[in-house]
Protein chains: 2
Amino acid sequence: MGGLYFVLGLFGFPATKIPLMIVGYGFGASFVALFAQLGGGIYTKAADVGADLVGKVEAGIPEDDPRNPAVIADLVGDNVGDCAGRGADLFESTAAENIGAMILGATLAHFNPAGFAGAQAVVGVMLFPLVVRAFGLVASIVGILMVRAREDEDPMHALNRGYMWTAGLAAAGFAFGTWWLLNPPTAPAAWWHFALCGVIGIATSIAFVYITQYYTEYRYRPVKSIAAASVTGPATNIIAGFAVALECTALPTFTIGAAIIASYKLGASSGLEHAGLFGTAVATMGMLGTAAYILAMDTFGPITDNAGGVIERSHQPDAIRRRTDRLDAVGNTTKALTKGYAIGSAALAAFLLFSAYLDEVAALGSPLTAVDISKPEVFVGGLLGAMLVFWFSALAISAVTKAAVSVIQEVRRQFQADPGILKGTSKPDYGKAVDIVTIGALKAMVPPGLLAVGMPIAVGLFFKLFHVGAETVAAFLMVGTIGGILLATLLNNGGGAWDNAKKFIETGEYGGKGSFAHKAGVVGDTVGDPFKDTAGPSLHVLIKLLSTVTLVLAPLFV
Amino acid sequence: MGGLYFVLGLFGFPATKIPLMIVGYGFGASFVALFAQLGGGIYTKAADVGADLVGKVEAGIPEDDPRNPAVIADLVGDNVGDCAGRGADLFESTAAENIGAMILGATLAHFNPAGFAGAQAVVGVMLFPLVVRAFGLVASIVGILMVRAREDEDPMHALNRGYMWTAGLAAAGFAFGTWWLLNPPTAPAAWWHFALCGVIGIATSIAFVYITQYYTEYRYRPVKSIAAASVTGPATNIIAGFAVALECTALPTFTIGAAIIASYKLGASSGLEHAGLFGTAVATMGMLGTAAYILAMDTFGPITDNAGGVIERSHQPDAIRRRTDRLDAVGNTTKALTKGYAIGSAALAAFLLFSAYLDEVAALGSPLTAVDISKPEVFVGGLLGAMLVFWFSALAISAVTKAAVSVIQEVRRQFQADPGILKGTSKPDYGKAVDIVTIGALKAMVPPGLLAVGMPIAVGLFFKLFHVGAETVAAFLMVGTIGGILLATLLNNGGGAWDNAKKFIETGEYGGKGSFAHKAGVVGDTVGDPFKDTAGPSLHVLIKLLSTVTLVLAPLFV
């Protein structure tokens, strides 16, 4: 992105115009992230569900058994969905946030010509996001080096310790960055106001990490309540889990709300003109400052999950499996907290893009002074935006079922074509199964993908007929983002809580493995799978995609 | 309401000021509806779940067995939740809509002094809602008389036929009412514009009835897909059901959106000034014109359900039970479609109250020209509003579990105190069980009830600190309503679909009663129970309560 900026500068474009020109970069990142996260999410769960149904239920062979042709596809899926998908998701957040922050930086420099006199100061403001991102990377590397666990220690403690180092160093980097680049002579208090905004962002990311742990770790009340409800069967397990999933939207909402308002007020009182939104932008940068560390924690999940699979296939003693099971439960939590973090950062990044969109509409000669949802058309736009989130999730969950069918058919075909596979005398064609899931997942992602891209365009063009296209799209975007934040949190944390409720029972509670409660726990876990690995994470991408699509296509709606 | 209007008129209050004074009437209706629907919903499901768990699972006696002390409480619950609760819900919609429409009528008369000259014409506009309501009642009575079913006919057809009669007559009543009362000499086209608005409202209610039937009847794809997914167990049943529940939000949203915009545009082009919102008000009246018939269809549900229970307890032959089972499935659909209708009318009624709120804030001397969600505080208000809907649902679902525990403990106590009950030699104390559930339900409704009333006040007072109290509350209200419409639709239709997927399997599909698929269907049905009978319907009440609370307390936030 720095390179892009530099190249466009060489072409002679004025420095403050460049950010609006690299909006296409964000759109590209969104589009790829949609493929990686939605397609990857469908892939991973289709392979998982398909392999389980055809292997465990039909053929009667255990999970992760090497005779199952879909077993490699299942392991591959963990990487596709959790590593590639989440990586693309956070990359998109970073891209969206950089663009939003650079546009707001240009606006800030424009409104405060005395404070940012000279080309160097202006470029400094705009490149500030890239500079603090670099500090964040260094902080993450140091944090990762700090993760050393004693054999008897809770692995989560070691990960949290490294995270605290990262957060502390990132905060120090922020203070230095703001003092260096956001320190205009006209507003001596500005730099520490912005540094505090960065600290708010970092604190927000810490809050998300702990809130997610509370809702998805089996040491706390929510997961324990699901495990306790499993004693009366799968129905009460699902009801208890859904209640937890609904409830867990409250604290993240308060956190995001507090972060937006506090950073806005700090920015507005910095002594610079029009600096409120820039304060929010700096908080977003703070939140994303620890992204590299979080992503490293996330990949911990699939690694331990796959390690468990390899141990199963190589018939290791139970003691070893128990150890990887412990790590696997931690992996579930780190995967869940990455998703919590990802949705929090997506919310903040989307909030920045709203203002970028309003700036862009104004630049097109039709200034939107307000997005007034008391107008009927605009209210309906908001309603449609929130509905899109529900509809998209429905299509994403259905896509998993569709793609899983293709896996099941392929495995059945292989079992029939070569009876030696089930006897263990011949090797199944793992590669073919991987191919089939890939094709199935790509096909199944067409309807949700089309909906995500097509609906904002349709809404904009339709309401243009009533001359409120741009304003209605803005409401569509904003209320859609609100719906996305809530539904994604519900799906992600709910899924994580169900998964760990099962893991909690497997530690021996309520009868342990094989008990009635455990069977109920398995049902909850399976239900949570497409929630937390397909629909939930795809919603992060959706809300950013909506922002970038509308940003790029704004000229159509005005 | 007409009486209230008349009495206040006697005190000498000017006619156009009276509607704003009877806002308290709407608030009272909301409050009672919250008790009836939330408390009733908790009651019915706590008794149902409690009786089943302690009877079927622990004591091993069949459902609806007279030896179970909670069996009467279970039957009472159907009436408390579905009849009393839904009645209060629709009464509240009617009250809210009448108040909203009368306030808008006063505004209309104020802006068109030439069209509505003289006290009689002004009072005519304002009392128009009450007049067409009276026509709607007559239409419903005629419609109910038209329900005659042949023995071999689908009972749903007979009910739909009566509904069509009601809708047709209500439309005729509307045309007459608008020609009589909304026919100012200055705008000769106004009356038929408003008559068309009424027709739009009636068409909306028909659309809701058919959409709900599509999503909850087992003749159509959605419920069939859930039944088919039951073959692979409870987890796939739940996933398929949740996908249906998410998907079914799409069509109602398009319908409400189209109704709001079309009636607004018709009103705006009626030739009168400021008549757009009054057009929407007339559409709302149209939607509620058939309320009495819908309520009659709704009570069909608990009647057939309880008839089935009585047949079970009196050991009738299977052929008779099969007949009531068929009626029971129709009852599930009529209950579901009443809820669909209730949320649709709640959405329209709430939309009217928004404008009443904005009028009231303006009357308090602080005119809100826009509710601008691009302001950070206002955006956060919207986010909090949508979150309230999720949190409230979590508390409502948890309340069922809590109250069910009190039932289970009472039944256990009775079984222990008198072993003769289980042997069938002595009669259990049914009354005591009814008492216990009532107390349990009332206690359990305290947390969600407090949240519903407390949160709008807290949001208003907090944001008043930033001088945006009234505007933030407006966004809280509007986005909360959007969230409520979607989540209630999801919960209601999802629950209905799960219930009928089980009923579909019981007709002999996928192995029929007692099969593996049926067991999975029972899990889905149980999960759907607190969704469709507690949380979903309580959300209808919540969104109207939010509107009336903020309307009454607006002076606090300005």
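A nonpolar surface patch in the predicted model is formed by F6(B), V7(B), L10(B), F11(B), F13(B) and M21(B), which together have about 660 Å² of accessible area (Shrake-Rupley method, 1.4 Å probe, with only the protein chains shown counting as cover for residues). Patches consist of residues with over 30% relative accessible area and no salt bridge, like charges being joined within 9 Å and nonpolar side chains (Val, Leu, Ile, Met, Phe, Trp, Tyr) within 5 Å. Helix α1 (residues 2-10) of chain B contributes the most, with three residues; helices (H or I, at least four residues) and strands (E, at least two) are DSSP runs numbered from the N terminus. F6(B) lies in this helix and is exposed, at 56% relative accessible area (exposed, over 50%; buried, under 20%; partly exposed, in between; 1.4 Å probe, protein chains only).

Over all chains, 46 salt bridges were counted (a side-chain nitrogen of Lys or Arg within 4 Å of a carboxyl oxygen of Asp or Glu). D328(A) and K503(A) form one at 3.6 Å, N to O. Because D328(A) is in helix α13 (residues 318-363) and K503(A) in helix α18 (residues 469-506) of chain A, the pair ties together parts 175 residues apart in sequence. Both residues are buried. A salt bridge also joins K532(A) to D499(A), and their relative accessible areas are 5% for K532(A) and 6% for D499(A).

Residues are numbered from 1 along each chain as its sequence is written, and chains are lettered from A and ligands numbered from 1 in the order written. In this predicted model, local features need pLDDT of at least 70 and side-chain atom pairs count only at pLDDT 80 or more, while totals for chains, interfaces and linings use all residues; side-chain values use heavy atoms, without hydrogens and water.
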